[in-house]
Amino acid sequence: MALANAQIYLFLVMSSFMFVHSMANFNYGPWGRPGNWNKTNFPNGNNHPNATQTSNKFNVGGSENWRYGFDYMDWARKNGPFFVNDTLVFKYDPPNPNGGFPHSVYLLPNYWSFIKCDFRRAKRIANPNQGAGEGFEFVLKKTQPYFFACGEHGGIHCNNGTMKFVVMPLKRWPY
């Protein structure tokens, strides 16, 4: 029973964490509605919320790309909020015959798998070769948490706390 209560508590804490962090950089306009970042297309100086917003493309890790030793949770927090139909681009070096670890991108099915780096029910969405060149693109299609991690070599990059992050895309206003 104590384990079940702990799991429920952990789920509630993580849900709250994801919501708060997805809203951290959200620009609110009048009446608590999402604001318009470029402040255009509305008469009398008022800003029409969402006047020219379209989906965005984000290079995961920015100029650092998808690599070992980078804090992707911090990157996601600083670059959010993410919205439905935004695209995440994973760029990483292909396998190198001279050494180094290859990378991949897995979509983990739930928070528990994410925390434990359990890849048994995970779906590989990009293999070690797909990050080369322009990278692998993943479109956030639903309002749900997406748990990403590198799963190569038994998930070692995930297990040591790097190369994993979560995003919770929001719907654009007006719904």
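This is a predicted model: local features need pLDDT of at least 70, side-chain atom pairs count only at pLDDT 80 or more; totals for chains, interfaces and linings use all residues.
Aspartate 74 is partly exposed, at 22% relative accessibility (buried means under 20% relative accessible area, exposed over 50%, partly exposed in between, with a 1.4 Å probe and protein chains only). Residues are numbered from 1 along each chain as its sequence is written, and side-chain values use heavy atoms, with hydrogens and water left out.

**Salt bridges**

- Arginine 77 and aspartate 74 both sit in helix α2 (residues 72–79), three residues apart, or about one turn of the helix.
- Arginine 77 counts as partly exposed because its relative accessibility is 32%.
- Lys78 joins Asp74 and Arg77 in a network of salt bridges.
- Arginine 67 pairs with glutamate 64, with 2.8 Å between the closest N and O atoms; arginine 67 is partly exposed at 31%, and glutamate 64 is partly exposed at 35%.
- Arginine 120 and aspartate 118 form another salt bridge, at 2.7 Å from N to O, and arginine 120 is exposed, at 73% relative accessibility.
- The whole structure holds seven salt bridges.
- As a rule, side chains of opposite charge can pair when their charged atoms come close.

**Overall layout**

- The protein has four helices and seven strands (DSSP runs numbered from the N terminus: helices are H or I with at least four residues, strands are E with at least two).
- Going along the sequence, the order is α-β-α-β-β-α-β-β-β-α-β.
- Of the 175 residues in the protein, 39% are buried.
- Among contacts with a separation of 6 or more, 65% are between residues 24 or more positions apart (contact means heavy atoms within 4.5 Å).
- The accessible surface is about 10,200 Å², and carbon and sulfur atoms account for 54% of that (areas come from the Shrake-Rupley method with a 1.4 Å probe; for residues, only the protein chains shown count as cover).

**Nonpolar cores**

- The largest nonpolar core has 24 residues, and those with the most contacts inside it are Trp66, Leu88, Phe90, Phe148 and Phe165 (a nonpolar core is a set of buried Ala, Val, Leu, Ile, Met, Phe, Trp, Tyr and Cys residues joined through side-chain atoms within 4.5 Å).
- The elements giving two or more residues to this core are α2, β2 (87–90), β3 (105–108), β4 (123–126), β5 (136–139), β6 (146–149) and β7.
- Helix α2 gives the most to this core, with three residues.
- A second, separate core has 11 residues, including Tyr111, Phe114, Phe119 and Phe147.

**Histidine 157 and threonine 162**

- Histidine 157 belongs to helix α4 (residues 152–159) and is buried, at 3% relative accessibility.
- Beyond its neighbours within four places in sequence, histidine 157 touches Tyr68, Phe101, Pro102, His103, Cys150, Thr162 and Met163.
- Threonine 162 lies in the loop between α4 and β7 (164–167), and it counts as buried because its relative accessibility is 14%.
- The side chain of threonine 162 makes a polar contact with the side chain of asparagine 160, at 2.8 Å (a pair of N or O atoms within 3.5 Å; within protein, one must be able to donate a hydrogen and the other to accept it, and residues adjacent in sequence count only if both atoms are side-chain atoms).
- Leaving out neighbours within four places in sequence, threonine 162 is in contact with Tyr68, Gly69, Phe70 and His157.

Methods: A salt bridge is a side-chain nitrogen of Lys or Arg within 4 Å of a carboxyl oxygen of Asp or Glu.
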